[in-house]
Amino acid sequence: MTKRVAILISGGGSNMVALVDSMTGDHPARPVLVLANDPHAGGLAKARERGIPTHAIDHKPFGKDRAGFEEALQKALETAEPDIICLAGFMRILTPAFTAKWEGRMLNIHPSLLPKYKGLHTHARALEAGDTAHGCTVHEVTAALDDGPILGQARISISAGDTAETLAARLLPLEHALYPAVLRRFAQGDRTPVMLKN
């Protein structure tokens with residue numbers, strides 16, 4: 001049975017595009033919704049161009065009312081009836097109450113080799129630490145930030161002249177390869193981690 005996938009974004013949606021474009025042919029899943037917390041998120045237009053239903057719930061009017069925002073998010077998701085949710089550059093921290101509803105069915109991609117560098121500014125932090133390798137991780141979403149079982153990682157070497165910007169640029173194609181590979185496996189009920197390196 002084909003799995004239904006909702007993708008949550010906040011910006012341009014490059015990982016969303018990689019996921020959507022992979023869900024063709026014999027892929028075990030299909031996109032049913034792209035949902036943004038910013039009505040001006042560039043990824044919404046890209047999703048519409050691909051014929052995928054879109055929805056935006058602007059988080060700003062909710063202010064500090066995270067429960068209210070998540071209630072609106074939940075209603076939109078329930079209408080789309082997804083089996084799997086993929087966070088793809090969704091820049092809102094979700095509460096434990098929300099993540100509990102989708103436990104075991106929600107994935108996220110994070111630009112570090114977790115458990116290293118949870119949170120923001122991961123490329124700069126890897127450079128500041130003098131790391132020789134960097135990468136990205138796809139993991140199941142749990143109540144803890146950037147935590148949860150690891151479902152895949154992609155690794156790149158850090159070069160002497162690298163900056164946060166060059167690292168981010170070199171890592172992006174690996175993100176676009178890793179996330180679809182993990183989703184395909186996950187949609188088949190296989191949680192064996194996918195490991196990539198350049």
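Two strands count as paired if DSSP finds at least two bridges between them. By that rule, β5 and strand β6 (residues 133-140) pair in the antiparallel sense over four bridges. The model is predicted: local features need pLDDT of at least 70, side-chain atom pairs count only at pLDDT 80 or more, and totals for chains, interfaces and linings use all residues. Residues are numbered from 1 along each chain as its sequence is written, and side-chain values use heavy atoms, with hydrogens and water left out. Helices (H or I, at least four residues) and strands (E, at least two) are DSSP runs, numbered from the N terminus.

- Strand β4 (residues 84-87) pairs with β5 in the parallel sense over three bridges.
- Asparagine 108 stands opposite leucine 87 and also opposite histidine 139 in β6.

**Serine 10**

- Serine 10 sits in the loop between β1 (3-9) and α1 (14-22) and is buried, with a relative accessible area of 16%.
- Leaving out residues up to four places away in sequence, serine 10 touches Asn37, Asp38, Ala41, Gly89, Phe90 and Met91, where contact means heavy atoms within 4.5 Å.
- The C-alpha atoms of serine 10 and alanine 41 are separated by 5.8 Å, although the residues are 31 apart along the chain.

Notes:
Buried means under 20% relative accessible area, exposed over 50%, partly exposed in between (1.4 Å probe, protein chains only).
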